[in-house]
Amino acid sequence: MIEHDVLIIGGGLAGMSAALHAKQAGADVAMLSKVYPTRSHSAAAQGGINSAIGVEDSWEVHAYETVKGSDFLGDQDAIEILCREGIEDIFALEHYGVIFDRDSEGLIHMRGFGGTDKSRTCHVGDMTGQTILHVIYEQLLKLEVQSYNEWFVTTLLMEDGICCGAIAMEMTSGKLEIIKAKSIILCTGGCGRVYEPSTNGLIVTGDGLSLAYRVGAVLMDMEMVQYHPTTLPANGFLITEGARGEGAYLLNANDERFMLDPRYEATTLAEKASRDVVSRAETIEIREGRGINGCVLLDCRHIKDRILEAFHQISELAKDYAGVDITNEPLPVRPGMHYIMGGIKTDTDGRCYRYNGEGITPLPGLYAAGETACASAHGA
Ligand SMILES: Cc1cc2nc3c(=O)[nH]c(=O)nc-3n(C[C@H](O)[C@H](O)[C@H](O)COP(=O)(O)OP(=O)(O)OC[C@H]3O[C@@H](n4cnc5c(N)ncnc54)[C@H](O)[C@@H]3O)c2cc1C
């Protein structure tokens with residue numbers, strides 16, 4: 001039997017971050033992942049991370065816009081932590097070695113994203129997630145964090161009402177092992193493959209939601225599923241919101257920028273309105289007959305230079321999977337399932353909960369973070 005203080009199930013950005021902090025705090029920590037950690041789905045994150053590091057920005061404005069973007073359903077204590085502490089986190093990532101793109105003055109470049117007219121998305125080209133995964137993984141190697149790579153957790157273990165470990169299979173040998181720990185942190189990502197179409201890869205199967213549910217943990221807001229407005233019809237691959245953040249237009253079959261239509265209530269943000277607003281507008285356009293083969297068009301022709309400079313990945317995806325050179329012609333896109341905003345209910349310390357017949361109480365030993373968790377920072 002294997003034993004650790006802290007067992008982190010998941011080696012994506014949430015799992016790696018938890019492992020790094022637990023190790024720095026002096027714990028005997030192990031991270032376990034069904035894929036090699038740097039192949040976790042966080043590698044797919046293209047556009048970047050919102051953080052109010054700009055001189056004309058503040059975490060309060062970021063928090064207000066996040067509350068508004070959640071249709072006032074997000075929990076404001078969680079949103080405050082996300083926006084306030086997110087500033088330091090960007091600088092910490094940079095100090096670890098994440099080479100964020102720079103502006104002409106050498107400051108971290110921030111691109112526009114949905115739901116705000118401020119540019120506050122820090123990024124590494126359009127490969128932000130992959131870059132950060134590799135940098136944090138280097139830190140874990142440096143600190144000699146124990147990593148069980150290509151191990152698959154099948155069951156969480158409970159003893160006297162306390163979560164005390166997991167059963168995991170080493171995938172190369174098929175051997176089952178019991179791993180005991182004082183704290184178990186689920187960082188198993190989302191459940192995108194339950195949906196079709198989805199921007200999520202084949203490994204995103206909601207394992208943590210099921211593991212937690214089976215030991216009685218409360219799931220919440222499971223109906224809150226985010227649809228991303230720009231995905232490729234052939235396979236659901238994502239075309240980052242950063243393209244619209246940099247000024248790309250959405251057109252219907254009549255060549256109209258339909259996001260300017262007041263009935264969609266996108267205000268002056270137009271194509272940069274929050275994702276639910278844009279996805280809904282696209283769906284209405286398509287259903288009312290102004291789509292093209294079930295899609296609308298993303299037009300990047302007028303921002304050709306920026307595309308060539310900072311969007312290599314989406315240019316290649318469009319060429320390879322839609323046969324479109326986005327610097328010369330508009331790209332057919334449609335909404336696709338992207339992110340589960342609900343998940344395993346946690347408080348802002350990551351504690352999981354269970355229902356005791358009258359109300360909910362903490363489930364000792366079990367924590368969750370990342371996309372599998374729901375601290376309710378996202379709302380609708
Ligand atoms: C195409 C795309 C683009 C995105 N772009 C952005 C962006 O620009 N900005 C942004 O903020 N967000 C973006 N997101 C969302 C963001 O990337 C994810 O929400 C986030 O990376 C999830 O991180 P995670 O650590 O929670 O999960 P993941 O990175 O999915 O990691 C899950 C981990 O759990 C492990 N695991 C799962 N089940 C088991 C099991 N049974 N046993 C053992 N291990 C298991 C996996 O191996 C993996 O290591 C994007 C998402 C997609 C799909």
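View 1. The centres of domain 1 and domain 2, taken over C-alpha atoms, lie 28 Å apart. Domain 1 covers 2–224 + 340–374 and domain 2 covers 227–336, with bounds that come from an automatic or database domain assignment. This is a predicted model, in which local features need pLDDT of at least 70 and side-chain atom pairs count only at pLDDT 80 or more, while totals for chains, interfaces and linings use all residues. Residues are numbered from 1 along each chain as its sequence is written, and side-chain values use heavy atoms, with hydrogens and water left out.

**View 2. The interface between domain 1 and domain 2.** In domain 1, 19 residues are in contact (heavy atoms within 4.5 Å) with 27 residues of domain 2. The two domains bury about 1700 Å² between them, 49% of it on carbon and sulfur atoms; buried area is the accessible area (1.4 Å probe) that two parts lose on being put together, summed over both.

**View 3. The salt bridge across the interface.** One salt bridge is found between domain 1 and domain 2, where the term requires a side-chain nitrogen of Lys or Arg within 4 Å of a carboxyl oxygen of Asp or Glu. The side chains of Arg-111 and Glu-246 form a salt bridge at 3.5 Å, N to O.
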